[in-house]
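This report looks at the surroundings of a ligand and at a pair of helices. Please keep the sequence and the structure in view while reading.

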Amino acid sequence: MTMRIAIAGGGLGGLTLARILHRHGIGAVVYEREASRSARSQGGSLDLHPESGQQALADAGLIGRFRSEARPEGEEHRILDPAGRTLVHHKPQPGSFSGRPEIDRSALRDLLLDSLPGDAVAWQHRLVAAMPRPDGGFGLTFDGGHSADCDVLIGADGGRSVVRSLLTDATLSSVATLVELSISDADRRHPDLAELVGPGNLWCIGVNQILAAQRLGDGGIRVGISLRADDRHMDTYRSKRALLDMFDGWNPRLTALIEAGDSLPTPRRIEAMPTGTRWAHQPGITLIGDAAHLMPPVGEGANQAMLDAAELAAELATNPADPDSAIQAYEEAMFTRTHPIAEMSARVQAMMLSPTAADDIIRFFTPQPTEPAPTA
Ligand SMILES: Cc1cc2nc3c(=O)[nH]c(=O)nc-3n(C[C@H](O)[C@H](O)[C@H](O)COP(=O)(O)OP(=O)(O)OC[C@H]3O[C@@H](n4cnc5c(N)ncnc54)[C@H](O)[C@@H]3O)c2cc1C
C-alpha cells in the first residue's frame, strides 16, 4: 500500500520536502493555511549557503533556476556606526555563487511551487488538530471542518507549529522585537538611500539597537529595526515618530531610512525555542524547520529548514518500506547538526543587541577558522 504523507505547512521547508520526495516518486500532500501563493507578501531576501540551502536545491534539481534568480552581489555587506562611519565593508567576488548569494523569499517560494504538480498543495487548509489513530497514522482536522488521514505526518508549520505539541512541550521565549518598513522603487524615489544600502545588506549598529536595510530583487528596500525584547505593547512601535525618537542623535542620512518607509511600521516579536530541544521518537510523525528548532534569525533558519527537508526526503527515499527507521535516522542527525547552530544563533543575537555590539561584530567579521560569519 502506498504510504500517505501529509506535510503541514507550505513554507520553504515543506515545499522543499515535497519537491525532493516527488523527484523520488514519493507523493505527499502539503496542507497550507494561506489561501493561495500570493495571499501574503513573503518578506525580504535570504542568503542560501552552499552546504545547506544550496545543497537542498541541488537535491531538488533546482540549482540552475536558483542561479538565474539569485543575486550574488546581494552578499555585499556594509556595517556602519550611528554617526554613519563605515566599520566593515564586505564585497563578494563578482558573479560568484561560492559564497552566500541572496534570493527574494517570494522568488524562492515560487521556484519551489512551480516545480510541484498542481495538486501537491492544498491551499486554505489550516491544521487545527492531529489525532493519532489506533491503527497507526493520524487523523487531521482543518479550520472550516475539512478532515484527512495520513500514515506519516510532517510538521513544517513554522515557529508556532501545531504539530510540535504532539512531540514536545518546549515553549517559545521572546528574544527581540523586530520592526519592519518597506521602501518601494528606491532607485527612482530615494536614490540617496539606494546608494547608502548598496546591492546587499546594511547594518547600522548602536547600543542595544540595530537599524538594518536590505536590497530586494524588485528594486525595493526592506528596513528592519531590531530592539531588545521588552514588555512594551507592540503598538508602541507602530509610529515612525516613536521610532525616530529611539534613534535620536543618529546621523540623519541613516534615520532617513525610517522616514522613507511607504507605510506604517510593522512590529513583531522574535521568538526562539530552547537550544538543544529534542524529543523521544514517536511512530509516523516528525518536524522540520522552525517547527523543529526555531532559532533567532541570524541567517540560518531557512537554510537549516531546507537541509532538514533534503535529509528527511533522502532517508524516506532510501527506506520507503520502513518510514519509522527513516524518521529516526533523520531526527538523530538533525538534532546533532542543529544544536550548535542554534547555540551560535543565540550567541550572535545576544551580541548584536548588546552595548558593545559594534566592537564585537567587527571582531566577529574578522575571519575565524571555526565560526561562520552571521548574515541578515
Ligand atoms: C526577519 C527574519 C529574517 C530572516 N532571515 C533569514 C536569513 O537571512 N536566512 C535564513 O536562513 N533564515 C532567515 N530567517 C529564518 C527563516 O525565515 C525561517 O527559519 C524559515 O522560513 C523556516 O522555514 P519553515 O518552512 O520551517 O517555516 P515557514 O517559512 O514559517 O513556513 C511555515 C509555513 O506553514 C504555514 N502554516 C503555519 N501554521 C500552519 C497550520 N496550522 N496549518 C497549515 N499551514 C500552516 C505558514 O503559512 C507557512 O507557509 C529569518 C527570519 C526572520 C523572522
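## The shell around the ligand

In this predicted model, helix H10 gives the most to the shell around the ligand, contributing 4 residues. Helix H10 (301-318) is one of the elements that each supply at least two residues of that shell, the others being helix H1 (12-23), strand E3 (45-47) and helix H9 (290-293).

Of the 32 residues around the ligand, those that come nearest are Gly9, Gly11, Gly158, Gly289 and Gly301. Sorted by class, the shell comprises 13 nonpolar, 11 polar and 8 charged residues.

## The annotated region

According to the UniProt annotation, from an unreviewed entry, a domain labelled "FAD-binding" covers residues 4-199 and 284-319. Over residues 284-319 the chain is 61% helix and 8% strand, with the end C-alpha atoms 14 Å apart.

## The packing of H1 and H10

The axes of H1 and H10, two helices that each supply at least two residues of the ligand shell, come within 8 Å and cross at roughly 30 degrees. Because angles under 35 degrees count as roughly parallel, H1 and H10 are therefore roughly parallel to each other. The crossing in which H1 passes H10 is right-handed.

On the H1 side, Leu12, Gly13, Thr16, Leu17, Ile20 and Leu21 take part in the contact, and they meet Ala302, Ala305, Met306, Asp308, Ala309, Ala310, Leu312, Ala313 and Leu316 of H10. The residues of this contact between H1 and H10 divide into 12 nonpolar, 2 polar and 1 charged.

Definitions and conventions. Residues numbered from 1 in each chain as written. Predicted model: local features only at pLDDT ≥ 70, side-chain atom pairs only at ≥ 80, totals over all residues. UniProt positions renumbered as here; feature names shortened; annotations may be inferred. Near = placed C-beta within 6 Å. Nonpolar A, V, L, I, M, F, W, Y, C, P; charged D, E, K, R; others polar. Axes fitted to C-alpha atoms, helices over the stretch in contact; angles between N-to-C directions. Parallel < 35°, antiparallel > 145°, perpendicular 65-115°, else oblique. Left-handed = near helix turned anticlockwise from the far one by under 90°. Contact = placed C-beta atoms within 7 Å.
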